[in-house]
Every structure is written in C-alpha cells, then in structure tokens.
Amino acid sequence: SGEFVETSVFLNIAGGFLMAREECRIVEISTMPGSGKTTAAKHFIAQCRKDERFTCPVWMITLTECNITNRIITWEIYKAIAGSDNSINDIGSPERNSEYEMNERIAEWCINNPNGLLIIDEAQHIGQFHGNVRSNSLNIINALRNYCDRGLFGIALLSNGEVYDRTKKTKNSTQLSSRIWRVKVNKPTESDIDMVMSAWGVSGKLERELSIQLGTGEGCLRTLTDAYRMARYKYPGEEITYGIIKAALRG
C-alpha cells in the first residue's frame, strides 16, 4: 500500500500538536471524519520518538464508550506514560490505584521529563454520548485542564469540534472554553490527492477526477485509500485504473 503522505491535512494537524506541546495548553484539533487523524498522530509520534529517542514524552490514548470516566482516563494516561518508560514495571490496575495516587505519579514522571504532549484520539466522546450531551464532560475537561495548569504537558484533542462547543454552550464555563484553543483543519486539497495518487502509483486524467471526488467528499482520505486498497485486494497485480477502482467499488 502507499506509504504515509505528509499532506496539508497532516501538516495542519501536526501544527496543532506542536502548539499544544509548546504552549502547554489544551488544543482541540477538529477535522472532517476520514481525514486521517489517527494515522497522522501515529506518524507524528513515530517522528518524535525517532528524533528524541523512545522516552520522549509524547503519548496517545483513545477514548471509547467504555473508558469515559475520570478515573479510567487518568488510568489510560498513567498507563501510556508508564509504557514509555521501561523503569516502571508494575502499574497495577485502575481499581487498585486512586486517582490521586495516579496523578501524583504522573506529575512526578512529567517533572523529570518536561515538555510533554498527550494526544487524545476520538475526543468527541467527551462532548457527546450517542448524540446526547454527556453529563460528566465538564468534569473530564476540568481534570485534563489541571495537567496543563500544572505545566506537566500539553493536550491535543482530536475530534470533530464537539468539546469546545460543549464548553461554549454551558453557563459559567468561560474559564474552560477560554482555556481551549482551536485548530480547524480543512478538507484535503487537490494537491493532497495528487500526493496520495503518486504514493499508490495511480495516474491518469479520469483516475485523478475520480480520486478528487472520493478524497474530498464524505469520508475524505479514508474513502480514497480504502478504494485503492479494495482495488489492489480484488485485482492483485493489476494497475489501479479508473475501471479497476469502479469495479472494486461496485463489489
């Protein structure tokens, strides 16, 4: 498959990561679904670890419907930090450690390893629950804000923009919304599509028109690369052409 491409979308997301890290702030990076946020984050982390070695203080956790309480998010952060340091062997379990204990250990580690960044993928879960406003979301944002206020690490929220909106719509929450900076990432550009086509060895006028249609529509780059992947899987060894992509998409 095509290698990772540093599109304008990636560069804008990476700019948000650097802002959160350098300013030790919460930065919400909102993109369209399918923009490759998770892939971009993994690539960014790999670059940091290559440049700063494996104890570099950049970590990622992913939120799901199952881990959206303060205690378990604290545990996820603690686990991610502990996992980046081979000297920490026993991290116990979220039940065995109190939030206070975990936060003290996080603080101790981060004081010795400053200039950190925590990337939170699928952060829209903080703002919503099956489309409904999540009742404990402001508590979660407050708990996360404390890490920044203490100067421990910056936090990048990868989402579709729901977290800032949640704080803005809440009475008396200026203290929170004013602490969240926003980076809005636009759709992939045509030159981004050209770069992805080149990485996958796809060329041609019709192929480009179809690729732009797929890559800038709903699902963005995910839709485009899935189409290439499907074409390569269904027609191994064949060049990825307009006809092959259309046939693969038809099923």
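Predicted model: local features only at pLDDT ≥ 70, side-chain atom pairs only at ≥ 80, totals over all residues.
Residues are numbered from 1 along each chain as its sequence is written, and side-chain values use heavy atoms, without hydrogens and water.

Helices are DSSP runs of H or I with at least four residues, numbered from the N terminus. Ser 137, Leu 138, Ile 140, Ile 141, Leu 144, Arg 145, Tyr 147 and Cys 148 are the buried residues of helix 6 (under 20% relative accessible area, 1.4 Å probe, protein chains only). Because these residues cover an arc of only 165° around the axis, they are on the same side of helix 6; the arc is taken from the directions from the helix axis to the C-beta atoms. Gly 151, with a positive phi near 75°, follows helix 6.

Cys 148 has a relative accessible area of 9%, and its sulfur is 5.2 Å from the closest cysteine sulfur, in Cys 24, which is too far for a bond. Cys 110 is also buried, at 3%, and its sulfur is 9.3 Å from that of Cys 24, its closest cysteine sulfur, again too far. The structure holds zero disulfides, a disulfide being a pair of cysteine sulfur atoms within 2.5 Å.

Note on methods
Buried < 20%, exposed > 50% of the residue type's maximum accessible area, 1.4 Å probe, protein only. Helix = DSSP H or I, 4+ residues; strand = E, 2+ residues; numbered from the N terminus.
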